Amino acid sequence: MFNKVINTLVSIFNEGAYTNIIVSSTINSSNFNDTEKKLYTKLVYGVVENKLLIDYHLQPLIKGQRVKPFIKNALRVGIYGFDNLNLAKHYLVDSIVSAVKKKDYKASTFVNAILRKYQNTPVRQLNNLSKIDYLSIKYSLDKDLTNLLYNQYKEKFETFFENTEETYNTYRINTLKTTKEDIEDYLKKEDIEYGITNEVILQTKRSLINTNLFKEGLIVAQDKSSIMTSIIAAPKENDVILDSCSAPGSKSMHLASIINNKGSITSLDVYDHKIKLIEENANKLGVTCIKAYNKDATTVSFDHKFDVILADVPCSGLGVIRHKPDLKYQMTLEKIQSIKKLQNDIVNNVLQYLKDGGTFVYSTCTINKDENERFIESLLKKYPHLEKLEEIITLPTLYEDGFYICKLRG
């Protein structure tokens, strides 16, 4: 099992794999028992979430030596385990050394020595560091991104990274196939604790993915922010709607349920396999008013205009790093600049096709104000006929991601 933990970390840190995808894939292809599944997941996510802090403790022990990726990640697993898990120290060391020995016999001696040395070395403190360096290392966030968010949020910054063992699952009740009352009856009968807000947002501690509710399309796994975007758009029956950055189609499906399949929704994405995914989801959820097209929202053109346009644009994702920790190492200021240009290109293009008096909704899953509030401020200066109707800014919590939604009238 430890061998798979280390290989997974190599894939994430050295090959650009996404944590949630590779963890799910590895579990599905392995014969882990329940205890092994939990430990495997805990170790992988724990190391990914704390990589910079772990490396801060590791650095004095390896003193600039060039260490192969497999070996370095083995050491990271050990340090994380020592500091965060209630595992017998000899079991942890022996398991890691044994995994390394199968890959590189000579290196196993090095790993054994480093881990035992760490056991007998006082924990390196984060003293005498600047505020930004301290926060960057403590929360394992790129220094430039730490500086960006700290300057925007100051004392709120640390709350974005508060962790807990409790997790909540969020679903949307699919009103095309069921009712809130029927869902409540099922949950009460199964003795499942739940909460429902806004009539369709369902939250439970227990996963419902293996229930008939999910399998039959009566509920949809969807984050609260995604659900709120369509609620705020508030389309009416018979509206002509554009979802300009649609895949996997969660918001399009919700818009369809709000208009009760009476109207039309044009859903765009630039990848064929995602168009197929939108179509499959529509079929499962009983959606009949969507047409999905492989089109680029920055250049797409239409011969008609829309009552409602949704631009859930690509963004830096800084509102979702609580459950997508690999974003902390993949996102850079340079990438954010490129993303901001893309956001601008999408909005400027699709706005041409908004009817007079129509509704335009802009949304992101980031908390970077340059992509959110400040972007809308510049948009309103460029298009003075637009009127801001509603703006929602949500910071990351245990219950929901950080996100931004702004509703404008054309």
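By cavity I mean, on a 1 Å grid over the protein atoms alone, a set of points where a 1.4 Å probe fits but cannot get out, while a pocket is an open set with protein on both sides within 12 Å along at least five of seven lines, and lining residues have an atom within 4 Å of a point. Grid points are joined across faces, edges and corners, and a volume is the space filled by probe spheres set on the points.

Please keep in mind that this is a predicted model, in which local features need pLDDT of at least 70 and side-chain atom pairs count only at pLDDT 80 or more, whereas totals for chains, interfaces and linings use all residues. Residues are numbered from 1 along each chain as its sequence is written, and side-chain values use heavy atoms, with hydrogens and water left out.

Which residues line the largest cavity? They are Tyr153, Thr366, Ile367, Asn372, Glu373, Ile393, Thr394, Leu395, Phe403 and Tyr404, and they divide into 6 nonpolar, 3 polar and 1 charged. In that count, Ala, Val, Leu, Ile, Met, Phe, Trp, Tyr, Cys and Pro are nonpolar, Asp, Glu, Lys and Arg are charged, and the others, Gly among them, are polar. Strands β10 and β11 each supply at least two residues of this lining; helices (H or I, at least four residues) and strands (E, at least two) are DSSP runs, numbered from the N terminus.

Those two strands take us to the sheet they belong to, an open sheet of 7 strands in the order β7-β6-β5-β8-β9-β11-β10, with mixed pairing. Two strands pair if DSSP finds at least two bridges between them. At the edges stand β7 (290-294) and β10 (387-394), each with a single partner strand, so one side of each is left without a neighbour in the sheet. From one strand to the next the twist averages 15 degrees, where axes are lines fitted to C-alpha atoms, for helices over the stretch in contact, and angles run from 0 to 180 degrees between N-to-C directions.

Within this sheet, β5 (residues 240-243) and β8 (residues 306-312) pair in the parallel sense over 3 bridges, and isoleucine 241 has valine 308 of β8 as its bridge partner. Helix α16 (residues 333-350) touches β5, β8 and β9 (354-364), and its direction makes about 160 degrees with that of β9. Helix α17 (residues 373-382) touches β9, β10 and β11 (403-409), and its direction makes about 15 degrees with that of β11.

How do α16 and α17 meet, and at what angle? They pack at an angle of about 40 degrees, with their axes 12 Å apart. Gln343, Asn344, Val347 and Asn348 of α16 make the contact with Phe375, Leu379 and Lys382 of α17, and these residues divide into 3 nonpolar, 3 polar and 1 charged.

Let me turn to the other sheet, an open one of 4 strands in the order β2-β3-β1-β4, with antiparallel pairing. Its edge strands are β2 (194-197) and β4 (219-221), each of which pairs on one side only, and the twist averages 30 degrees from one strand to the next. Here β1 (residues 169-173) and β3 (residues 201-204) pair in the antiparallel sense over 4 bridges, with threonine 170 opposite glutamine 203 in β3.

Next comes an open space, the second largest pocket, with a volume of about 160 Å³. Of the 13 residues that line this pocket, the closest to its centre are Ile12, Phe13, Asn14, Lys51 and Arg76. The elements giving two or more residues to the lining are α1 (2-15), α5 (69-84) and α15 (327-330), and α5 gives the most, with 4 residues.

I will finish with two details of the backbone. A cis peptide bond, with omega about 5 degrees, joins alanine 247 and proline 248, and proline 248 lies in the loop between β5 and α13 (250-258). Serine 140 has a phi near 50 degrees, a positive value in a residue other than glycine, and its place is in the loop between α8 (131-138) and α9 (143-153).

Note on methods:
Contact means heavy atoms within 4.5 Å.
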